[in-house]
Amino acid sequence: MRVSGFLAAWFFLSMFLLVGPSAYALDNASKLEEIVVTATRTEKEVEGAPGAVSVVTQAEFSYRNVQKPDDIVVELPGVTVLRYPNSMGARITLRGFPDQKRTLVLLDGITLNDPYSGAVLFDGFYPEDLDRVEVVRGPLSNLYGGYAMGGVVHFITRMPEKREITAKAGYGSGFESGDAYDDLSRFYFSYGDKLGEQFSFLVRYAFQESNGYPTAFNVTTKPPPSEITGWQKTKTRTGDPAYLLGDLGDNTQWNDGILGKIQYRLTPETIFGFSFTRSRTEYDYDTPHTYLRDSLGNPVWSYKGRPENTFLPGGGGKVCNTYAFNVESPLVGELKTKAHVSFMDTEKSWYVNTFSGATRSGGAGSVSDTPSSNFLADIQFTFPFTHAPVPGLEQHFVTFGGAFNRAYAHSTEKNLPNWKKEEQTTSLRYESKGKDHGWALFFQDEIPLGSKVVAYVGARYDNWQTFDGFVLDIDSKTGNPKDGFPKKYGTRSHGTLSPKGALVYQPFPQTTLRSTVGKSFRPPTVYDLYRTWVASSGITYAANPELKPETALSWDLGWRQELWNGAAFSITYFENYLKDMIYRKTVSPTLQEHVNVGKAESRGVEAEIEQKMSAWLTLYGNLTYTDSEVTKNEAKPETEGKRLNNLPLWQGNVGARATKGPVRASVSGRYVGKRYNYDTNADKQNHVYGSYDPFWVTDVKVDYALRPWATVSLAVDNLFDRDYYLYYKAPGRSFYMELTMKF
């Protein structure tokens, strides 16, 4: 769908909501105030929070066909989600900051960004566990440190208030075989209870698998020999001629996970909690398909210059355990504390490569594995000052505390005599590892300036340190270390101050104006510092242990207006200025190295509107405009003035939710504009393998309550079967049926 068409739809929806008849209005007194904790680390009404905040409850996201946590936030303004069909995770980015490593993702306060690359594994976590999701857009390093440049996405799990049993079983597939996730099956079971007023618990097991569909293709820029037929003409993402030789097979995948969570309330205000999660996920490819034929009509899998292993991508997977302990309690008088300790242990994170000479039946390859761990301890105190030496500053509210983290990642690549047997490794090909730790102190003061204005002033100091860096590269021919290896790196440290200020002004009960300005940062990951690798093209992508953190200065100005009962509108303008951006510098035709040379800017507008037409019908829509560009890049000047990677200029959503008797239904449309994967923005070609196409998809879902405890549902995703690529082939039209039982 063209952008002009989307803007027209947005305009007409907005006008309808703005001038809609008040006969459909709801009683505003019946509206429950939404509470958010992520924006300030304390409970705060959304309308009074210092920043652009979205809260999505389970009651809201259950209207849609949500199967992974990132599906919940895909419709929010200012949020960009990119999920590859053959990937174990997704990228959730906020406010024009590219890559997951610049947006912090939390699960009950646990940092999910892994210490190796900043990526997040969402597979193995299940939306049914969640009570709500809080998304705070804007700089939040003043409260949460690194990764929180674009903001924070916080998934918050639920605790039962009474005995409950939930069982779900579902099945789905593409309307046409090979066009979407075939034979998708899903199972979820949880049991929880609250024993008396003190003890509650929740346990869960869930599983999901699919036979997949062809997402990756074998494409070459050189035409096959004249005696070979069956290939198809196509183009590269830059528009050059290319030739499609076949596909790499159906992308199969499965994941499962367990959750255990307990909570003990010693007194009404003293709470202890513990949780454990274990997630496992794997992906692979089944039999590939060649389109090539020789003169006798026999399949052709290889020819000179194009070995068979180009049809054989190899699979991968990840196993992760997470432990967390938390306590909150009053201390003295009105002084309260919250303490949190978590440990994320990634046992395995691996993928298989195939070498030239490998065939469908076997042959040489390698397996790369990166186990990692991340320990986090955090404590905060809150105290309301009821007296102050300066008149007018009574009742200001102070939050302060500290944090400590320690992370480790160890990457190895080992030879495989047979790439199909990934557990039978032999000699080492490559090794890199490193550690980092840091400590932080933070402070925030909430100051009422009269009855209608609240100011927030705060800052956080982070001291980041990396140490025990090690890199070993082995010559594949001799089996000995290459010249200059192994390399060992000593200790480096860096201190960063992240201040932030905000004003929230409510001149009328229905009107909120807010503005924030702050500085944020991101320390380089272990991958940035120590992971060097060689691509199949022969180019070496080198790490740089001398990297320093990136920083950003951001500000925004927002307005939220309740138009009439049941209707609300909000709009926010934002700007970001990114400095010391880590970038690849071309040292030679065969060597690129990470360096701190880049500057970038992004600015944009987020607008959303919602109208509760009646007790059973809600209409909503939002639109995000993000203009981003590289403003300085000494390593690659031709990228200056170009858009940042994977950030669309326009994106938006429109939809409706309805409940009438035993029936619930939703329909939603989502538009995402053109994205570029090349820093020069040269990948302008659409609808080819490797391109990032603009797209519009429409999804629908209907639930029917058979009994108070049993519900059946039918969902259809990509209703109009839009054909597009997000590097890989995106799913076509598919259905999903599910039975839910709750006792």
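Is Thr-466 buried or exposed? Thr-466 is buried, because its relative accessible area is 0% and the cut-off for buried is under 20%. Keep in mind as you explore that this is a predicted model.

**Around Thr-466**
- You will find Thr-466 in strand 25, which covers residues 453-473.
- The side chain of Thr-466 reaches the backbone oxygen of Lys-435 at 3.2 Å.
- Setting aside neighbours within four places in sequence, Thr-466 is in contact with Lys-435, Asp-436, Gly-490, Thr-491, Arg-492, Leu-529 and Tyr-530.

- Strand 7 pairs with strand 6 in the antiparallel sense, over two bridges.

- In soluble globular proteins, nonpolar side chains tend to be buried together.
- The largest nonpolar core in this model has 23 residues, and those touching the most other members are Val-73, Val-153 and Phe-155.
- Two or more residues of this core come from each of these elements: helix 3 (69-73), strand 4 (79-83), strand 5 (90-94), strand 6 (104-107), strand 8 (130-137) and strand 9 (151-157).
- Another core of 16 residues lies apart from that one, and its members include Ala-39, Tyr-144, Val-152 and Phe-442.
- Which residues is Phe-155 in contact with, leaving aside its neighbours within four places in sequence? They are Pro-69, Ile-92, Val-105, Leu-106, Leu-107, Asp-108, Phe-122, Leu-130, Arg-132 and Val-133.

**Cavities**
- How many cavities of 30 Å³ or more does the structure hold? There are nine.
- The largest cavity has a volume of about 990 Å³.
- Lining this largest cavity are 47 residues, of which Asp-71, Tyr-181, Arg-670, Asp-717 and Pro-731 are the closest to its centre.
- Strand 37 (residues 695-707) provides the largest share of the lining of the largest cavity, with five residues.

Definitions and conventions:
Residues are numbered from 1 along each chain as its sequence is written. This is a predicted model: local features need pLDDT of at least 70, side-chain atom pairs count only at pLDDT 80 or more; totals for chains, interfaces and linings use all residues. Side-chain values use heavy atoms; hydrogens and water are left out. A nonpolar core is a set of buried Ala, Val, Leu, Ile, Met, Phe, Trp, Tyr and Cys residues joined through side-chain atoms within 4.5 Å. Buried means under 20% relative accessible area, exposed over 50%, partly exposed in between (1.4 Å probe, protein chains only). Helices (H or I, at least four residues) and strands (E, at least two) are DSSP runs, numbered from the N terminus. Contact means heavy atoms within 4.5 Å. Two strands pair if DSSP finds at least two bridges between them. A polar contact is a pair of N or O atoms within 3.5 Å; within protein, one must be able to donate a hydrogen and the other to accept it, and residues adjacent in sequence count only if both atoms are side-chain atoms. On a 1 Å grid over the protein atoms alone, a cavity is a set of points where a 1.4 Å probe fits but cannot get out, and a pocket is an open set with protein on both sides within 12 Å along at least five of seven lines; lining residues have an atom within 4 Å of a point. Grid points are joined across faces, edges and corners, and a volume is the space filled by probe spheres set on the points.
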